[in-house]
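User: Hey, I'm new to this one. Can you walk me through it?

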Amino acid sequence: MYYYSLQPPYILLLVGFFTALTSGLALSGTLKVIVQKWPSVPQETIKSSASLKQLLVPFIGITVGVCLFMSSGLEIFGFPASLALGVGLPLSLLTCLFVWFQLGSLLEFASSRGMQSLDLDSWS
């Protein structure tokens, strides 16, 4: 017997949003702790990937939450579950992968040139 749920996955949409939001807050807190430690840590350890390893778990949480949110959102708009997952999974994984590489290069840039180099409002 074939069973298809007639209700869209609103609960999964909220769970994905909550997961991404709480993981984002954890990533923000971890990133603040890493940046606050920079003046007391020698320059060699800043350039290592130890700071990125600390950010990996919250970032995976964000990726899973975004994937669940996007797939559920597509399913709410009428896509079949397999197509929604087929579109949402690669789109969210590729986006999060690009953001991960950008975060790594931004951390290296800030550690080598200082946080003042990221201030776009100042002209000095």
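This is a predicted model: local features need pLDDT of at least 70, side-chain atom pairs count only at pLDDT 80 or more; totals for chains, interfaces and linings use all residues.

User: Which residues make up the largest nonpolar core?

Analyst: There are 11 residues in it, including Leu27, Trp38, Phe59 and Trp100. A nonpolar core here is a set of buried Ala, Val, Leu, Ile, Met, Phe, Trp, Tyr and Cys residues joined through side-chain atoms within 4.5 Å. Buried means under 20% relative accessible area, exposed over 50%, and partly exposed in between (1.4 Å probe, protein chains only).

User: Which helix gives the largest share of this core?

Analyst: That's α4, with 5 residues.

User: What does Leu55 touch?

Analyst: Not counting residues up to four places away in sequence, Leu55 touches Leu27, Thr30, Leu31, Ile34, Trp100, Leu103 and Leu107. Contact means heavy atoms within 4.5 Å.

User: Switching topic: is Phe79 buried or partly exposed?

Analyst: Phe79 has 34% relative accessibility, so it counts as partly exposed. Phe79 sits in the loop between α3 and α4; helices are DSSP runs (H or I, at least four residues), numbered from the N terminus.

User: And Ser72, buried or exposed?

Analyst: Ser72 counts as buried because its relative accessibility is 3%. Ser72 is part of helix α3, and a polar atom of its side chain lies 2.8 Å from the backbone oxygen of Leu68.

User: What else is Ser72 in contact with?

Analyst: Pro9, Leu12 and Leu13, leaving aside neighbours within four places in sequence. Ser72 and Leu85 are 13 residues apart in sequence, with their C-alpha atoms 8.2 Å apart in space.

Definitions and conventions:
Residues are numbered from 1 along each chain as its sequence is written. Side-chain values use heavy atoms; hydrogens and water are left out. Helices (H or I, at least four residues) and strands (E, at least two) are DSSP runs, numbered from the N terminus. A polar contact is a pair of N or O atoms within 3.5 Å; within protein, one must be able to donate a hydrogen and the other to accept it, and residues adjacent in sequence count only if both atoms are side-chain atoms.
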